[in-house]
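Please read the following report with the sequence and the model open side by side.

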There are 4 protein chains.
Amino acid sequence: MAAKAGTDGGADTIATGDPPAVDLVDDAAVADPHHDVLMERYVRTRRFSEQIAQPLSAEDCSIQSMPDASPTRWHLAHTTWFFETFLLKPTGDYRPLDPSFESLFNSYYNSVGEQYPRDKRGLISRPDLEQTLLYRRYVDQAMQTHFGCGELTDDQRQVLEIGINHEQQHQELMLTDLKHALSCNPLDPVYREGECEHVDTMRTSSWIDVDAGVAKIGHDGKSFCFDNELPRHRVFLEPYKIANRCVTNREYLEFMEDGGYQRPEFWLSLGWATVQDKGWEAPLYWSKQGSRWTQFTLSGRKAIRLDQPVCHVSYFEADAYARWAGCRLATEAEWEHAVCRGLQRPLAATQSGHWSDDLIRSGRCIHPSSCSVADREDAADDALGDAMGNVWQWTSSHYSAYPGYRAPAGALGEYNGKFMCNVFVLKGGSCATPSGHVRPTYRNFFAPESRWQFTGIRLAKT
Amino acid sequence: MAAKAGTDGGADTIATGDPPAVDLVDDAAVADPHHDVLMERYVRTRRFSEQIAQPLSAEDCSIQSMPDASPTRWHLAHTTWFFETFLLKPTGDYRPLDPSFESLFNSYYNSVGEQYPRDKRGLISRPDLEQTLLYRRYVDQAMQTHFGCGELTDDQRQVLEIGINHEQQHQELMLTDLKHALSCNPLDPVYREGECEHVDTMRTSSWIDVDAGVAKIGHDGKSFCFDNELPRHRVFLEPYKIANRCVTNREYLEFMEDGGYQRPEFWLSLGWATVQDKGWEAPLYWSKQGSRWTQFTLSGRKAIRLDQPVCHVSYFEADAYARWAGCRLATEAEWEHAVCRGLQRPLAATQSGHWSDDLIRSGRCIHPSSCSVADREDAADDALGDAMGNVWQWTSSHYSAYPGYRAPAGALGEYNGKFMCNVFVLKGGSCATPSGHVRPTYRNFFAPESRWQFTGIRLAKT
Amino acid sequence: MAAKAGTDGGADTIATGDPPAVDLVDDAAVADPHHDVLMERYVRTRRFSEQIAQPLSAEDCSIQSMPDASPTRWHLAHTTWFFETFLLKPTGDYRPLDPSFESLFNSYYNSVGEQYPRDKRGLISRPDLEQTLLYRRYVDQAMQTHFGCGELTDDQRQVLEIGINHEQQHQELMLTDLKHALSCNPLDPVYREGECEHVDTMRTSSWIDVDAGVAKIGHDGKSFCFDNELPRHRVFLEPYKIANRCVTNREYLEFMEDGGYQRPEFWLSLGWATVQDKGWEAPLYWSKQGSRWTQFTLSGRKAIRLDQPVCHVSYFEADAYARWAGCRLATEAEWEHAVCRGLQRPLAATQSGHWSDDLIRSGRCIHPSSCSVADREDAADDALGDAMGNVWQWTSSHYSAYPGYRAPAGALGEYNGKFMCNVFVLKGGSCATPSGHVRPTYRNFFAPESRWQFTGIRLAKT
Amino acid sequence: MAAKAGTDGGADTIATGDPPAVDLVDDAAVADPHHDVLMERYVRTRRFSEQIAQPLSAEDCSIQSMPDASPTRWHLAHTTWFFETFLLKPTGDYRPLDPSFESLFNSYYNSVGEQYPRDKRGLISRPDLEQTLLYRRYVDQAMQTHFGCGELTDDQRQVLEIGINHEQQHQELMLTDLKHALSCNPLDPVYREGECEHVDTMRTSSWIDVDAGVAKIGHDGKSFCFDNELPRHRVFLEPYKIANRCVTNREYLEFMEDGGYQRPEFWLSLGWATVQDKGWEAPLYWSKQGSRWTQFTLSGRKAIRLDQPVCHVSYFEADAYARWAGCRLATEAEWEHAVCRGLQRPLAATQSGHWSDDLIRSGRCIHPSSCSVADREDAADDALGDAMGNVWQWTSSHYSAYPGYRAPAGALGEYNGKFMCNVFVLKGGSCATPSGHVRPTYRNFFAPESRWQFTGIRLAKT
């Protein structure tokens, strides 16, 4: 039988949300008051990556469908490499499983050294999935040996925190890269059977007004955040309006039926060139079967549901739609300010039923859901509906450094800063985003032609 | 003898700055109090384009050295097409010289119709230079017939103003595109003999401090500006420092000698990929002859002068240099605010001796000059030296719409708005920028890998 | 444990050369006098493909390292598709396992219909290896049901024969494509441990003289051959000399050390452009480690052995070497005539110890061996040494139709004829060529830049 | 006025075929019995190149429309460079006009040194047309000084002969490259007004039978030929049939209307890929205006004439047409043998009214003419109609060395031999081929996708 990526976890285990014991970390240890909470999160995070891979065959885990995407197996190895490289090797007391992994699984850290070419990750068959899982065990065990009893320095704690968040970011990429990979197969393979979430009553579209003034943007640094969310700083916002929910498939189809993809007047120049060059006629994963639009999902091909937010659109499409609608996209600051002022109590990762961990555990189709009337029961009237953890929302803001931003010293300084060019900020998190990353200050960024993330549209206007 | 681009103007005419009479517009008409001042500027602008082309052969005017650049002859025709298309045709009382020019010289206006492919402009030999100059005469005459006696409507006046500014923008491009074209010839051809400006005492480098606060940015709209400079709006600026002059060749050479082009840690990820891909080792037009760096100029190949501002660097190089120097580039708002607050009296186009029209008339080498102690005699101590009309200065700001920006209706709405993607703002104007465009609110924009404009570096820090 | 491609065959089974029983075909049936000999060969051929894949993981079987190469799993499926499409479906009494395989595993038969894009075969993870092996079983069973008792028509017999030969051709490709795939991994993975064959005494190089005259070339059609070997026809050969063995690594290294890869005078114009473009400095798979050349083999990285024939060179390199040596390559007719006249008794597939099936069964490294004094004990003095089944020998002949050639009607007409453009003929078979294909009239063909087959050099001169 | 390429020759001069005097060579010298006949041909050949360029503007002479084509001005300079490099410099008594021309106008001679990149020839504006003509004068004068009185050594005589033939080859390229360049202009520019030749009665299509046997192919070397035509050698030809005239537009349109460009079964695999990739639907220069096919010619756009031979087809199209017609293309040997046996008296360059020099002088449209009943009055019944000097005829033969071929030593060895890869032989010469090159043994060669020469189709079958 072909190897399955997870070790032993069955579907029921996943559904409960209660990760099963593995031999390296017993539950007693987890309960141990001396046990480090961060290491506990480490263990859960590591296990969750493998749970994502669990339904997949060795072959599924091997595909690289485009240079921007990576094979699942590479994600499993690279996230492991991160802990090995930035935590274990510096201890001076660690022997790597295989020294050649240093370059093989280095994504882009020039400070660490050479990197195996990014666009050729799909050509590496060894270490295979089984050996990769052994590599994970090996590093996990070393992590326990070195850090299992709470003896982390502050610096190590900081790197460990980054490593956990790093692996969580890759969990989202595992899902989106996989979706792209499977979509290349005309057989429409299913990652996991599942139905999309049902919603009784759609939220009616309306505008939320925001007054002019100086707003504060960015993370306050009191809990973990990425360097690019810092420092919190002041911006001046002229008055603006922002939509109370994201654009739906129904609305987007109106744009399409109005010749949206055929009329250059709605498009950025680069966007129009891209539409022509790639022959785009609809969002990614859509295809028309007879008179009916369908979309490829992680649960196979399904009919388009009109009330769901449109998804897998590029910045170019988001911008063109907005222009067609006589609106524009919000800036990052407008978006962040609007979300934060609409929040009546602190956002907590656990509060929403459809954020990613739960979604993955739930067995539903991993896909954005419609924005219901009561997106959150306690939401203020002017709260932004489906802002968080449903679809990433393109902003009109180029991904640039905040005033006073400093990249960390050393290799981890390459984490964010060097990508601040020709990419645009996305806010809010998607149905595939790990809960902990769904916060208003989080800055996701992709090139304007990218469509393989769960990306949608929220309108604004002046 | 091969045709020369100018009609009859000799070098002396250019040196005096006094454009010669052409038969279509006699000086009496210019002196006529009923004559429209705008039409007078039209005539002078049209004449100046031809003066730029005057030293060139028919062959020189034909080359397209890269898709981003255009042949001189195309510039001469396209700027003419602009008036024909947006002013003459709408009168309903104009017969075009050749209907096929409508698409042949349409640069990118989808609203007007089809366009001859941009990257193939060098393949068009007809209309040749002589016929192109006739096309100019034909349109100039029609302009006089229609608008020579001041009967312009407000709308027409607005389009005429844009058309003049449009042609002036192309005057700068004529020089920079030509420089690139000639540089492809191993014979190092000379556009026009000329020496670089000499400066006795370099300005010492220092930092100008700017306090935090709300600043106003953008054009006030009281005189002509492009749509992208509007609307004037408020921004909040955290405190920053900005350099009192641009980075010199001497300073940039230190970066190069410190391995600047070999060390990825200074570079944006895309920048480093570009350096590798294109084999960059120095700014554009530089080449090392023995142990000595030289640069190709519009007056042929010359030795690098250490006190001159470094020029023909990409955004990637500007950013890498700044990182190497422990600094950063200024944002557009920081730059504009710093320049405006340092100005003791209103900037006027005529006040500086080295702005472009004069430079072209002066017979000097068209090249940035060193920043002297007294860049402007009346400048405040904290004025930015060589900010205006010497080298374009890369800012860290992506070229995006100002809050409340609206593209004009119709084809002219394609002028600026649709290019707001993956390009960065440059400020200040260069030695090749027409005087009237050298204003603090002007927003020039180029892709981060572009190097063929006269682009340099001004540092900032927090 | 990750799936292995073979069902149950262990290494010992392979070493004995005695294929193990599988449940679909019992040995009794094979021994049955009523059993069709062709179906017997079918069974053995099918089994041998799986034996080739047997040492590989599911991941190894998934890689497509370049558009010209295919994943092992694809080869396993496509060869199955061939029988399904051209034998089973026409019976009208066959239900395909999955109708979507018709286009998914169609290589290039436009007459059959659409084809999944060739360069994306590595993006297909499903059917996975296990399911692919089931697909093979399914088709094998249907083949038994339909044709297991000798009831084949002549047409069916002919297609079956082609199908078997087709699968054998893919067996060679499985090995060469796999070698290329594994070579992309910096870990130098081993397909199968094995030593290269040892030879005591090298054959001394000498020239064989052949007189002018009309020779007969091409297959006589009395046994199976491909359409492109027909018809046998007359050619006139001017007198020539041909080398008695292939060029060795030692000889090729002299060329390299004499600046062979740096001196354009030896190269075809396209060859020199290729050398520059791809940065070739040695044959494919060679790399210099310190002062010592090594080569990647199917048994991992090994030192270059000087007496072995040089291998994995392109037509360009073969031609350049020949020019450097003051010689030339033989034409196809010269080669074929020289081989045929030197044969004292009919070539039989089984007579040579190092032809491919045996080689694979032997457990030696699948690599060309040195040409010993007694290449064949019964060889005439003027016999060509190592002509057959060691390295493919590039000829100077473009792959063109023989006079009177007719492609078969229907889809099988696409088998050979449509590739007669910009490819050159290779003769003799390599260490990876199935024995039955090692015949003097066989016409292999590859583009002049191809290097991933076991291709070497035999010199000729006028 | 823009420069014209010819110095002083008017249209009448061209029409008379009597080249006008230029100051470097007076007619007295030409009449001088001591004057070398070869130098006389030199002068006439040089003059004729300029006559070809005479109707062109400086701009027309500057365009490079694709890497395979060159600007007229480059042709004028490169042919001059040839004499300078291979005849004048070796005298040791020659000072070049500009040393940098050595690399600037070197086409592909690695033995001479560096070459300016072939695909950038259109970026060189200097030397301009006027200076290029001066360069021609300078070299012509030096040629007279050195060789004007018959003091040529045998080696020099041989190189001079090659140089003259080389320039004549470029004369054909000047016309075909120019046609391609002008065709990129939507204005359909006219090189020279002219009507296509009229023919009263088309030759009826029939087959000429040729028996099997050993034939002799290649040039006998008694007069000038290129190295690639040597040595004359024996080939065996199986019996074949060859068409008595070329395929007409009428016949080719039947292929098109039968779905020729939409049905893969007629095409080589590479050919079909090319059709798809480039969107071919007709021969080059054809476009459908309404329901009517037109073609771009050197005299502008004209209606397709059904009786004319189809022209500007690639090898792929020729081969596909032949397959559609149930035929094939002839091999080079079949073609040459068929032509030679049908000739009743020696071919002389002057005998045919429509060969190129005359055509150019005649003022007719430079385009193939229909094949009349009496193609040549003295032709045997089985002579091939329109075989010579009308359209190049694609053969199925790859361009390979003849048995015993030796490239000359030194740089001139690069003339032909190094291009023997991935190109196919064309025979017969076209309406643009200089008369002296229209001989049965001449071997023209182009890549199978090339269409910009005057290339047509002659059918054969077995």
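Two strands count as paired if DSSP finds at least two bridges between them, and helices (H or I, at least four residues) and strands (E, at least two) are DSSP runs, numbered from the N terminus. This is a predicted model, in which local features need a pLDDT of at least 70 and side-chain atom pairs count only at pLDDT 80 or more, while totals for chains, interfaces and linings use all residues; side-chain values use heavy atoms, with hydrogens and water left out. Residues are numbered from 1 along each chain as its sequence is written, and chains are lettered from A in the order in which they are written.

**A sheet in chain B**

In chain B, 4 strands form an open sheet of mixed pairing, in the order β11-β10-β9-β12. Its edge strands are β11 (444-446) and β12 (455-456) of chain B, each of which pairs on one side only. Strands β9 (residues 392-398) and β10 (residues 424-427) of chain B run antiparallel and are joined by 3 bridges, and Gln393(B) stands opposite Lys427(B) in β10(B). Strands of a sheet pair through backbone hydrogen bonds, either parallel or antiparallel.

**Two interfaces**

The table sets out values for the two interfaces, where contact means heavy atoms within 4.5 Å, and buried area is the accessible area (1.4 Å probe) that two parts lose on being put together, summed over both. A salt bridge is a side-chain nitrogen of Lys or Arg within 4 Å of a carboxyl oxygen of Asp or Glu.

| Interface | Residues in contact | Buried area | Share from carbon and sulfur | Salt bridges |
|---|---|---|---|---|
| Chain A and chain B | 29 residues of chain A, 29 residues of chain B | about 2400 Å² | 60% | 2 salt bridges |
| Chain B and chain D | 34 residues of chain B, 35 residues of chain D | about 2600 Å² | 56% | 2 salt bridges |

Of the area that chain A buries against chain B, 22% is supplied by Arg234(A), Phe236(A) and Glu238(A), more than by any other three residues. Glu238(A) also meets Arg234(B) through their side chains in a salt bridge (2.8 Å, N to O). On the side of chain A that touches chain B, β3 (233-237), α9 (269-278) and β9 (392-398) of chain A each supply at least two residues, and the largest share, 4 residues, comes from β3(A). The residues of this side divide into 16 nonpolar, 10 polar and 3 charged, where Ala, Val, Leu, Ile, Met, Phe, Trp, Tyr, Cys and Pro count as nonpolar, Asp, Glu, Lys and Arg as charged, and the others, Gly among them, as polar.

Turning to chain B and chain D, Glu59(B), Leu123(B) and Arg126(B) lose the most area to chain D within chain B, together 27% of what that side buries. Arg126(B) also forms a salt bridge with Asp60(D), the closest N and O atoms being 2.8 Å apart. Among the elements of chain B, α5 (101-104), α6 (129-147) and α7 (154-183) each supply at least two residues of the side that touches chain D, and the residues of that side divide into 20 nonpolar, 8 polar and 6 charged.

**Confidence**

The predictor gives the complex an ipTM of 0.90 and a pTM of 0.92. Chain A averages a pLDDT (the predictor's confidence in each residue, from 0 to 100) of 88, and 86% of the residues score at least 70. In chain A, pLDDT stays under 50 over residues 1-31 and over residues 344-355. Where pLDDT is low, the predicted coordinates should not be read in detail.
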